[in-house]
Amino acid sequence: MRTEYGKLNKMEMGIWECCELLNDVIDESDPDLDEPQIEHLLQTAEAIRKDYPNEDWMHLTGLIHDLGKVLLHPGFGELPQWAVVGDTFPVGCAFDKSIVHHKYFEENPDYHNSDYNTKYGVYSEGCGLNNVMMSWGHDDYMYLVAKGNNTTLPPAALFIIRYHSFYAMHKSGAYRHLMNEEDTENLKWLQIFNKYDLYSKSKVRIDVEKVKPYYLSLIEKYFPAKLRW
């Protein structure tokens, strides 16, 4: 999937267009199914904006962090939920017990493969998460989209986009032995971001048209008008 979707040849559209397209998909792992996806994106972004008014890159990251969920849309092949949402984790080394539904890994051949079921597996101490293969999902897809379209967002933003569903690492503290110094620095921002993401949605509705001009200005600052998806 990573090779296929990494071609970025499924569609061409702008960031805001994608935000609106996301309203057509349902994330079954989301605790707030009764609200449109764009509501979550804007609630996250606006909450960050309130507390970190000078970090505009983080406001935009809040808006776009879940856009990879468009993989659930028919226009992108309508991938199954398990291939798009839910927690992500490294492959090629032992599955940490903090990963959700860990018991089911016993049915995965890698669980019993001595090349892959040790602490380091195919990796080495401090190799850096950029050198670690993660399970496929909306995080990695949006990271590939951002990188492939030459975003000027800072490395911390790309780290947040790529690893915000990697709960075993940023919530449980697992896999730190694979991280390098840059990962450790970026993790600080991810942990800040996470407070505004899952289970933190406000019941106060966002006036989309009121905040839209601000986010369009950020999109113009950090992204081209049209992106390859």
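**Close-up 1. Helix 4 and helix 6 pack at an angle of about 20°, with their axes 10 Å apart.** This makes helix 4 roughly parallel to helix 6. Angles under 35 degrees count as roughly parallel, over 145 as roughly antiparallel, 65 to 115 as roughly perpendicular, and the rest as oblique. Axes are lines fitted to C-alpha atoms, for helices over the stretch in contact, and angles run from 0 to 180 degrees between N-to-C directions. Helices are DSSP runs (H or I, at least four residues), numbered from the N terminus. The crossing of helix 4 and helix 6 is right-handed: the near helix is turned clockwise from the far one by less than a right angle. Trp 57, Thr 61 and Ile 64 of helix 4 meet Ala 156, Ala 157, Ile 160 and Ile 161 of helix 6. Contact means heavy atoms within 4.5 Å. The residues of this contact are six nonpolar, one polar and no charged. Ala, Val, Leu, Ile, Met, Phe, Trp, Tyr, Cys and Pro count as nonpolar, Asp, Glu, Lys and Arg as charged, and the others, Gly among them, as polar.

The model is predicted: local features need pLDDT of at least 70, side-chain atom pairs count only at pLDDT 80 or more, and totals for chains, interfaces and linings use all residues. Residues are numbered from 1 along each chain as its sequence is written, and side-chain values use heavy atoms, with hydrogens and water left out.

**Close-up 2. Helix 3 (residues 37-51) packs with helix 4 (residues 56-64) at about 165°, their axes 7 Å apart.** That makes helix 3 roughly antiparallel to helix 4. Their crossing is right-handed. Helix 3 brings Leu 41, Leu 42, Thr 44, Ala 45, Ile 48 and Arg 49 to the contact, and helix 4 brings Met 58, His 59, Gly 62 and Leu 63. By class, the contact of helix 3 with helix 4 has six nonpolar, three polar and one charged.

**Close-up 3. Helix 5 and helix 6 pack at about 150°, with axes 6 Å apart.** From helix 5 come Asp 139, Asp 140, Met 142, Tyr 143, Ala 146 and Lys 147; from helix 6 come Leu 158, Ile 161, Arg 162 and Tyr 163. Six of the contact residues of helix 5 with helix 6 are nonpolar, none polar and four charged.

**Close-up 4. The structure holds one cavity of 30 Å³ or more.** A cavity is a set of points on a 1 Å grid over the protein atoms alone where a 1.4 Å probe fits but cannot get out; a pocket is an open set with protein on both sides within 12 Å along at least five of seven lines; lining residues have an atom within 4 Å of a point. The largest cavity has a volume of about 30 Å³. Grid points are joined across faces, edges and corners, and a volume is the space filled by probe spheres set on the points. Thr 88, Met 134, Ser 135, Asp 139, Asp 140, Arg 162 and Tyr 163 line the largest cavity. Helix 5 (138-148) and helix 6 (155-163) are the elements that give two or more residues to this lining. The lining has two nonpolar, two polar and three charged residues.

**Close-up 5. The largest pocket has a volume of about 550 Å³.** It is lined by 19 residues, and Trp 82, Val 85, Asp 87, Phe 89 and Phe 105 lie nearest its centre. The lining of the largest pocket splits into 11 nonpolar, five polar and three charged.
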